[in-house]
Amino acid sequence: MTLHKLQGPYELTVQQVEHISSDPCCGVFVLGDIDEHGALVAKYIGMANKNIGKRLGDFIDKYPYFKIMRCKKPYDAFEKQCKIYHECSLFSKLDNPMHPTHPEEESWICPVCGK
Ligand SMILES: [Zn+2]
């Protein structure tokens with residue numbers, strides 16, 4: 001499962017966000033709570049084109065935990081986001097149930113469903 005390849009879960013705190021922001025890069029992240037086994041229960045999937053730490057900062061106090069994967073190129077982040085979305089939507093109720101969208105200036109298509 002793609003979700004298992006992400007780092008974390010980490011607590012979503014100001015300190016964590018500052019730490020991640022200190023090395024800006026694109027990537028994909030999953031927000032949610034943890035279950036009794038310490039595994040993240042995905043509630044929100046997102047990506048960042050430039051600074052994943054800055055984007056995570058928008059969700060402090062909204063979600064207690066997160067997992068991330070830093071990516072080399074924005075397309076890699078988009079592709080991972082789609083894969084996680086299709087895996088998670090099968091077993092978890094997401095707060096953003098819409099299919100991930102690509103940046104306006106790109107014409108990427110989802111590697112899983114072709115949307
Ligand atoms: Zn898709």
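The model is predicted: local features need pLDDT of at least 70, side-chain atom pairs count only at pLDDT 80 or more, and totals for chains, interfaces and linings use all residues. Residues are numbered from 1 along each chain as its sequence is written. Helices (H or I, at least four residues) and strands (E, at least two) are DSSP runs numbered from the N terminus.

- Strands pair if DSSP finds at least two bridges between them; β2 runs antiparallel to β4 (residues 65–71), with seven bridges joining them.
- F29 has I68 of β4 opposite.
- Eight bridges link β2 with β3 (residues 40–48), also in the antiparallel sense, and V30 has I45 as its bridge partner in β3.
- Five residues separate β2 and β3 in a hairpin, where G38 in the turn has a positive phi of about 85°.

**Nonpolar core**
- A nonpolar core is a set of buried Ala, Val, Leu, Ile, Met, Phe, Trp, Tyr and Cys residues joined through C-beta atoms within 7 Å.
- The largest one has 26 residues, of which V28, F29, V30, I52, L56 and F66 touch the most other members.
- Two or more residues of this core come from each of α1 (14–21), β2, β3, α2 (52–57), β4 and α3 (74–91), and α3 gives the most, with six.
- Leaving out residues up to four places away in sequence, L56 touches L12, V17, I20, F29 and F66, contact being C-beta atoms, placed from the backbone, within 7 Å.

How values were computed. A residue is buried if 20 or more other C-beta atoms lie within 10 Å of its own, exposed if 12 or fewer, and partly exposed in between; C-beta atoms are placed from the backbone. Two residues are in contact if their C-beta atoms, placed from the backbone, lie within 7 Å.
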